Amino acid sequence: MDLYKKTEIHLKRQKLRTKAFSLQEVLIVLLIIGVFMLIALPNLMPLVVKAKSIEAQMQLKYIFNNQTSHRYLYSKYTTDLYELDFEAPKTVKENGTANYTYEVMSASNTNFIARATAITDFDGDGIFNVWEINENGTPKQLIKD
């Protein structure tokens with residue numbers, strides 16, 4: 001074959017070749033991303049805890065609204081969540097999605113206290129998050145995780 005023909009074949013092969021990353025390049029990029037994630041993860045934990053505590057606050061507000069309605073109807077608060085039409089969501093221990101358990105601690109004609117207790121330790125420090133709400137309707141964090 002003459003030189004012109006060889007060059008032409010070589011150019012056709014190069015046009016057909018697909019540009020791609022090598023396995024080594026991909027592994028290096030994954031390693032760099034992993035190192036960045038390890039550095040960033042401890043800084044993101046407070047945001048995770050805050051996001052999960054919103055679940056407790058929303059459910060406690062729902063209990064407060066139902067307790068208020070119950071008081072208007074029956075002139076007293078109740079300790080029974082079923083009377084409030086509140087079915088506690090399944091927790092993560094029960095193959096559900098809820099991170100808190102809910103209970104009405106006390107109730108009388110004039111006041112009540114409902115509590116949300118975390119069932120998982122969000123940041124691994126051994127402290128479980130606890131929220132409460134009363135007849136005033138403002139959730140308060142008793143124990144910060």
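These legends go with a few close-up views of a predicted model.

**View 1. The whole chain, from one end to the other.**
Start here to get your bearings: the chain has two helices and four strands. Of the 145 residues, 25% count as buried. The chain exposes about 10800 Å², and carbon and sulfur atoms supply 60% of that area. As for who touches whom, take the contacts with a separation of 6 or more: 40% of them come from residues 24 or more positions apart.

To place one of its members, look for Leu27 in helix α2, which spans residues 23-74.

**View 2. Asparagine 99 in its loop.**
Now hop over to Asn99, which sits in the loop between α2 and β1, the latter covering residues 100-107. Is Asn99 buried or exposed? Asn99 counts as buried because its relative accessible area is 9%, and the cut-off for buried is under 20%.

Which residues does Asn99 contact, once its neighbours within four places in sequence are set aside? The list includes Lys52 and Glu55, along with Val92. Thr117, Ala118, Ile119, Thr120 and Phe122 are also in contact with Asn99.

Terms used: Residues numbered from 1 in each chain as written. Predicted model: local features only at pLDDT ≥ 70, side-chain atom pairs only at ≥ 80, totals over all residues. Heavy atoms only, no water. Buried < 20%, exposed > 50% of the residue type's maximum accessible area, 1.4 Å probe, protein only. Contact = heavy atoms within 4.5 Å. Areas by Shrake-Rupley, 256 points an atom, 1.4 Å probe, with all protein chains shown as cover.
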